[in-house]
Amino acid sequence: MIILYIKTEEAYTWAVEKFSDMVFRIAYQQLFHTHDAQDVVQDVFLKLLGHKDKCFQDEEHLKAWLIRVTVNQCLDCKKALVRRITVPVERLEYPSDPANQELLEELYELPPDYRIVLYLYYYEQYTIKEIAQILGKKQNTVNSRLTRGRKRLKKQMEEKNERFIQTYI
C-alpha cells in the first residue's frame with residue numbers, strides 16, 4: 001500500500017497540477033460560473049495545504065478527498081451566492097469543447113442531485129460505489145439518482161427536439 005503525504009512543496013505542486021482541472025470541472029458544473037469555480041479550486045487546494053498531516057492511502061484516495069471537499073465548497077459557495085446578484089441563463093459560460101457543449105448545457109439544467117451523479121459517472125468515470133463513497137450516500141441512492149437523471153435528461157432532450165422540429169419544420 002502506498003501512503004501519500006502532501007508535506008513538501010513538490011508533493012503539493014504535483015497534486016495541484018494533477019487534479020486542478022478535475023476540481024475546476026466539478027466546481028464549474030455545480031456553480032456555472034468561471035470565477036466562482038476558480039475560487040472553489042483555490043479554497044480546495046488551500047484546505048489540502050492546511051492538511052499537511054493528513055495521509056492518503058493512494059492517489060485515488062486523494063482524488064476522492066478532493067472531490068468531496070470540492071462538492072462541500074460548492075455547497076458553501078451556493079449558500080453565499082444566494083446573497084449575491086444572479087446572472088441570466090443566457091450569459092452563463094460553458095468551458096468545454098463544442099462536441100460536449102450541448103450535452104453539458106442539458107446536464108446543467110438538471111437538479112443538482114442528478115447533475116453531480118451523472119457528471120461523476122460519465123465525465124470523471126467513477127463507479128456507482130465510488131460515487132456513493134465520495135458523496136457520502138448509499139449505493140442504491142446513487143443508482144436511483146443515476147437512473148432518474150438519465151430519464152430526465154432523455155425527456156428534456158426529446159422535448160427540446162420536438163420544440164425545435166415544430167418551430168423550424
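Reader: Thanks! Let's begin with the second largest pocket: what volume does it have?
Author: The second largest pocket has a volume of about 200 Å³. A pocket here is found on a 1 Å grid over the protein atoms alone: it is an open set of points where a 1.4 Å probe fits, with protein on both sides within 12 Å along at least five of seven lines, and lining residues have an atom within 4 Å of a point. Grid points are joined across faces, edges and corners, and the volume is the space filled by probe spheres set on the points.

Reader: Which elements give two or more residues to the lining of that second largest pocket?
Author: Those are α3 (59–81) and α5 (112–122). The residues lining the second largest pocket include Arg68, Val71, Leu75, Pro112, Asp113 and Ile116, and Gln30, Leu135, Lys137 and Arg145 line it too.

Reader: How many of the lining residues are nonpolar, polar and charged?
Author: The lining of the second largest pocket has five nonpolar residues, one polar and four charged. Ala, Val, Leu, Ile, Met, Phe, Trp, Tyr, Cys and Pro count as nonpolar, Asp, Glu, Lys and Arg as charged, and the others, Gly among them, as polar.

Reader: Good. What sort of model is this, and how are residues numbered?
Author: This is a predicted model, where local features need pLDDT of at least 70, side-chain atom pairs count only at pLDDT 80 or more, and totals for chains, interfaces and linings use all residues. Residues are numbered from 1 along each chain as its sequence is written, and side-chain values use heavy atoms, with hydrogens and water left out.

Reader: Stepping back, how many helices and strands are there?
Author: There are seven helices and two strands, and from the N terminus the order is β-α-α-β-α-α-α-α-α. Helices (H or I, at least four residues) and strands (E, at least two) are DSSP runs, numbered from the N terminus.

Reader: And what share of the protein is buried?
Author: Of its 169 residues, 36% count as buried. Buried means under 20% relative accessible area, exposed over 50%, and partly exposed in between (1.4 Å probe, protein chains only).

Reader: Where does helix α1 bend?
Author: Helix α1, residues 9–31, bends by about 50° at Phe19. That bend is the angle between axes fitted to the seven residues ending there and the seven starting there.

Reader: Is Phe19 buried or exposed?
Author: Phe19 counts as buried because its relative accessibility is 4%.

Reader: Which residues form an aromatic cluster?
Author: One aromatic cluster is formed by Phe24, Tyr28, Phe32 and Tyr108.

Reader: Tell me about Phe32: where is its place?
Author: Phe32 sits in the loop between α1 and α2 (34–50). Although Phe32 is not a glycine, it has a positive phi of about 65°. Phe32 counts as buried because its relative accessibility is 17%.

Reader: Now Gln125, please: is it buried or exposed?
Author: Gln125 is exposed, because its relative accessible area is 64%. Gln125 lies in the loop between α5 and α6 (128–135), and it has a positive phi of about 60° although it is not a glycine.

Reader: Last one: which residues is Gln156 in contact with?
Author: Beyond its neighbours within four places in sequence, Gln156 is in contact with Glu106, Glu109 and Leu110. Gln156 lies in helix α7, residues 139–168, and counts as buried at 13% relative accessibility.

Technical notes:
Rings of Phe, Tyr and Trp (its six-membered ring) pair if their centres lie within 6.5 Å; planes under 30 degrees apart count as stacked, over 60 as edge-to-face and the rest as tilted. Contact means heavy atoms within 4.5 Å.
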